[in-house]
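How do the two parts of a protein chain meet? This report takes a look at one such meeting place.

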Amino acid sequence: MKAKELIDLEDKFGAKNYKPLDVVLSKGEGIWVWDVEGNKYMDCLSAYSAVNQGHCHPKIRQALVDQAEKLTLTSRAFRNDQLALLYEELCELTDSHKMLPMNSGAEAVETVIKCARKWGYESKGVLEGQAEIIVCKDNFHGRTLSIIGFSTDENARQNFGPFTPGFKTIPFGDARALEDAITPNTVAFMVEPVQGEAGVIIPPEGYLRDVRRICTEKNVLMILDEIQTGLGRTGKMLAEEHDGVQADLTLIGKALSGGFYPVSAVLSNDEVLGLLQPGQHGSTFGGNPLACAVARAALKVLVDEKMIENAEEMGAYFLDQLRTIENDAIKEVRGIGLMIAIELKEGAPGGARAICEALMEMGILCKETHTYTIRFAPPLVITRADIDWAMEKIRKAFA
Ligand SMILES: *Cc1c(COP(=O)(O)O)cnc(C)c1O
């Protein structure tokens with residue numbers, strides 16, 4: 001089918017909760033994707049960092065196929081021969097004590113909220129029903145009701161209430177604000193190491209170290225949502241490593257499956273996950289053998305193929321190159337690892353969308369966040385030659 005017909009079908013039958021670029025993709029390999037007409041594009045979004053390992057990585061694909069031929073789902077009523085191995089490998093890689101597998105990122109966030117509250121009541125001694133969790137302005141943690149209830153994006157919240165109580169918002173990157181917001185009922189502070197959907201917002205140097213110190217002093221759980229920043233995106237396995245700290249609870253998802261299948265997890269470095277008793281939380285698909293086999297392969301290639309080191313090196317190179325673009329419309333170029341953004345000045349004609357559309361014409365797919373920010377987050381397998389190729393187009397798009 002032609003692109004136009006497929007787009008018309010989508011418009012006719014689909015809910016309009018997205019506004020995608022009009023490119024209809026049918027194939028992917030590494031950093032490249034192809035549309036139904038056979039045009040080739042460099043993917044500079046990586047499905048919001050779910051395909052850090054590159055599209056259709058052959059080793060992850062093989063793991064998926066092999067496992068699909070053996071056993072896909074048992075439910076957690078029974079055990080399977082993949083889950084224990086994922087537990088061990090993931091805990092070893094992330095220096096965690098325990099993990100709890102879920103499917104989507106939002107489910108991992110919901111899970112961590114339940115666990116933090118339970119810890120507050122059973123370990124910290126907060127009175128039943130009084131637990132508070134502090135989050136940041138401009139956060140993005142997913143789309144379920146509890147989560148959008150503490151979003152500060154009006155568009156994400158409007159007409160979806162009433163919401164779950166028990167959340168408090170402070171500015172991002174402001175450790176002092178955290179210190180001031182904590183009360184005896186505060187059980188946790190949840191934050192993204194770098195705010196992704198807000199437009200790659202990098203906090204001041206040392207922020208996570210300050211957060212760690214404050215949380216320890218006040219007996220508050222530090223929860224890092226690394227669903228986007230984790231698994232190599234910022235040039236480290238987890239972004240917390242840049243500050244040399246360990247969160248009490250860490251959320252990962254997205255690249256945990258290399259884009260093949262929804263797999264997420266809550267990682268715990270404290271005894272928080274140990275508080276859950278049988279029947280208190282679960283998911284039919286969470287921890288299924290297909291998900292576990294895929295996740296194991298996705299983690300293995302990330303490490304074996306040195307994708308994290310590559311993200312650090314290529315990210316620095318890409319950032320340097322982007323900073324050489326001279327254009328009055330550019331306000332700032334910022335990034336960490338391969339999580340990079342160009343922010344345009346307010347009122348730049350056409351905004352970020354116009355640049356993204358121009359880049360699409362030249363064979364680069366990226367997506368604006370908000371009106372004036374263009375994000376560059378290619379798969380972590382990108383090479384210097386690929387970046388040089390992309391830079392030529394990006395320079396043209398700004399010319
Ligand atoms: C994508 C994302 C989520 C939500 O993940 P889903 O799989 O879309 O539910 C949560 N937190 C962060 C930081 C994300 O980037």
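## Where the two domains meet

Across the interface of domain 1 and domain 2, the rule finds 1 salt bridge. The model is a predicted one. Glutamate 197 and arginine 375 pair their side chains in a salt bridge, at 2.9 Å from N to O. Polar contacts between domain 1 and domain 2 come to 20 residue pairs, counted where both residues have pLDDT 80 or more.

Several elements build the side of domain 1 that touches domain 2. Each of these supplies at least two residues: α2 (46-49), α11 (307-323), β11 (330-336), β12 (339-344) and β15 (373-376). α11 gives the most, with 4 residues. Sorted by class, this side of domain 1 has 16 nonpolar, 11 polar and 4 charged residues.

Now the domains themselves. The domain assignment gives domain 1 as 3-57 + 306-398. Domain 2 is 58-304.

The table lists values for the pair.

| Item | Value |
|---|---|
| Separation of the domain centres, over C-alpha atoms | 26 Å |
| Area buried between domain 1 and domain 2 | about 2,600 Å² |
| N to O distance, glutamate 197 and arginine 375 | 2.9 Å |

In contact terms, 31 residues of domain 1 touch 33 residues of domain 2. Carbon and sulfur atoms give 58% of the area buried between the two domains. Which residues of domain 1 lose the most area to domain 2? They are His57, Ile308 and Met339, and together they make up 29% of what that side buries.

Terms used
Residues are numbered from 1 along each chain as its sequence is written. This is a predicted model: local features need pLDDT of at least 70, side-chain atom pairs count only at pLDDT 80 or more; totals for chains, interfaces and linings use all residues. Side-chain values use heavy atoms; hydrogens and water are left out. Domain bounds come from an automatic or database domain assignment. Contact means heavy atoms within 4.5 Å. Buried area is the accessible area (1.4 Å probe) that two parts lose on being put together, summed over both. A salt bridge is a side-chain nitrogen of Lys or Arg within 4 Å of a carboxyl oxygen of Asp or Glu. A polar contact is a pair of N or O atoms within 3.5 Å; within protein, one must be able to donate a hydrogen and the other to accept it, and residues adjacent in sequence count only if both atoms are side-chain atoms. Ala, Val, Leu, Ile, Met, Phe, Trp, Tyr, Cys and Pro count as nonpolar, Asp, Glu, Lys and Arg as charged, and the others, Gly among them, as polar.
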